[in-house]
Amino acid sequence: MPTVRSLLAQRRRHWLVTGSAGFIGSHVLEALLRAGQQVTSVDNFSTGQRSNLQSVREAVGEPAWALHRFVQGDLADPELCQELCVGVDVVVHQAALEAGPLSISDPLAVHRANATGFVNLLTAACACDVRRFVYAASSTAYGDAASVPATEDRAGRLQTPAAVSKYVNELYADVFARCYGIETVGLRYFEVFGPRQGDQADGSCARLIPRWTRDMWQGRRCVIEGDGESSRDFCYVGNVVQGTLLAALADNPGALNQVYNMAAGERATLNQLHALIAQALGREHAGLRIPTPLYQEAEPVQLRHALADVGKARRLLGYQPAYTLSQGLAESVSWYVGRVPQVA
Ligand SMILES: NC(=O)c1ccc[n+]([C@@H]2O[C@H](COP(=O)([O-])OP(=O)(O)OC[C@H]3O[C@@H](n4cnc5c(N)ncnc54)[C@H](O)[C@@H]3O)[C@@H](O)[C@H]2O)c1
């Protein structure tokens, strides 16, 4: 199977990356610029950070950064979407408001970003003859389905308006592929973590990773709700970037107009996660004293275990997650603690 690097080296394409000031979008942008690709990117800074763009710039250097045009704007504006898609070969659509709790308090804002923004961009991509449209879907599409591991053909009852707005993306992408001939690939990301990740509470377990790392660093006890034995499929962002770019570059027609799980394909309990973060931090800072976690009573979680079957992505896209949870944490903990003082 060819690697992302060898596929990108074949020719320079013009990419549109949305949500580039966000966590995953900034990593996709960085990988493309490192590979000498031409990129237009867009963000409205609703949750994204200018500092993420600045750190991509520092990581890739000025010659690669010169291949990038950044546009500040909102995908809810159809004219902007049209302008962004002119001359683009591949769209990698990451922009969304993911927060489940926000969608309960403000479903219209989430619908506007995730559903209206999506259909605006997809319509513009078709009008501009963009060949491939790869988009971030979500494991929230599984809702309360308790099958472990989850395969793409399973469905559950959706739990939040945000989950509905992301699932609608899959329906639109499928219909647009059939009606207008655009190639679409949806990627159901599971619990992604890594540098540049925000830690606002959004109902995901991945957001615990930066929070717990900083708590440990500052000598605080991490709060584990429940018994810590619920489990999730935590995936380092480097794996997700690899899978996303493989989806963008796949030339096997059978791989297109599909939805894939994008995850590590391994699960860890919250107790194991706590221990692994402590190990990663301890390796970097010998002598750091990390207190035991504090267990708090909690409502029973809707979903006790979540695990992705990544077999379809392996078979059809050549996806090979390169980072285990421990390796991903080793790449991440110094970034998480880099911005907070250590408490004596
Ligand atoms: N991080 C995860 O674990 C995870 C899990 C499942 C799905 N996803 C999906 O992956 C994608 C990226 O997630 P992330 O964790 O990087 O989130 P993020 O919040 O860090 O990035 C999203 C970016 O989109 C921008 N944005 C939002 N609405 C916009 C709009 N209307 N116009 C322009 N820009 C807009 C935000 O400012 C932000 O920079 C999202 O689509 C999300 O739903 C992420």
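Where is the place of P149? I found P149 in the loop between β5 (132-138) and α8 (161-180). Helices here are DSSP runs of H or I with at least four residues, strands are runs of E with at least two, and both are numbered from the N terminus.

Before going on, I noted the ground rules. The model is predicted, so local features need pLDDT of at least 70 and side-chain atom pairs count only at pLDDT 80 or more, while totals for chains, interfaces and linings use all residues. Residues are numbered from 1 along each chain as its sequence is written, and side-chain values use heavy atoms, with hydrogens and water left out.

**Backbone.** I checked the peptide bond from V148 to P149. It is cis, with omega near 5°. Most residues other than glycine have a negative phi, and most peptide bonds are trans. I then looked up two residues with positive phi. D129 has phi near 55° and lies in the loop between α7 (107-127) and β5. R196 has phi of about 75° and sits in the loop between β7 (192-193) and α9 (208-217).

Are D129 and R196 buried or exposed? D129 is exposed, at 66% relative accessible area. R196 counts as buried, at 10%. Buried means under 20% relative accessible area, exposed over 50%, and partly exposed in between (1.4 Å probe, protein chains only).

**Cores.** A nonpolar core is a set of buried Ala, Val, Leu, Ile, Met, Phe, Trp, Tyr and Cys residues joined through side-chain atoms within 4.5 Å. The largest one has 75 residues, and W15 and F234 touch the most other members. Helix α10 (residues 237-249) gives the largest share of this core, 8 residues. A second, separate core has 26 residues, including L75 and C126. I also listed contacts (heavy atoms within 4.5 Å). Leaving aside neighbours within four places in sequence, F234 contacts, among others, F193, I209, L270 and L325.

**Helix pair.** How do α5 and α7 cross, and at roughly what angle? The axes of α5 (residues 78-85) and α7 come within 8 Å and cross at roughly 40°. The axes are lines fitted to C-alpha atoms over the stretch in contact, with angles from 0 to 180 degrees between N-to-C directions. That makes α5 oblique to α7, as angles under 35 degrees count as roughly parallel, over 145 as roughly antiparallel, 65 to 115 as roughly perpendicular and the rest as oblique. P78, C81, Q82 and C85 in α5 meet N120, L121, A124, A125 and A127 in α7.
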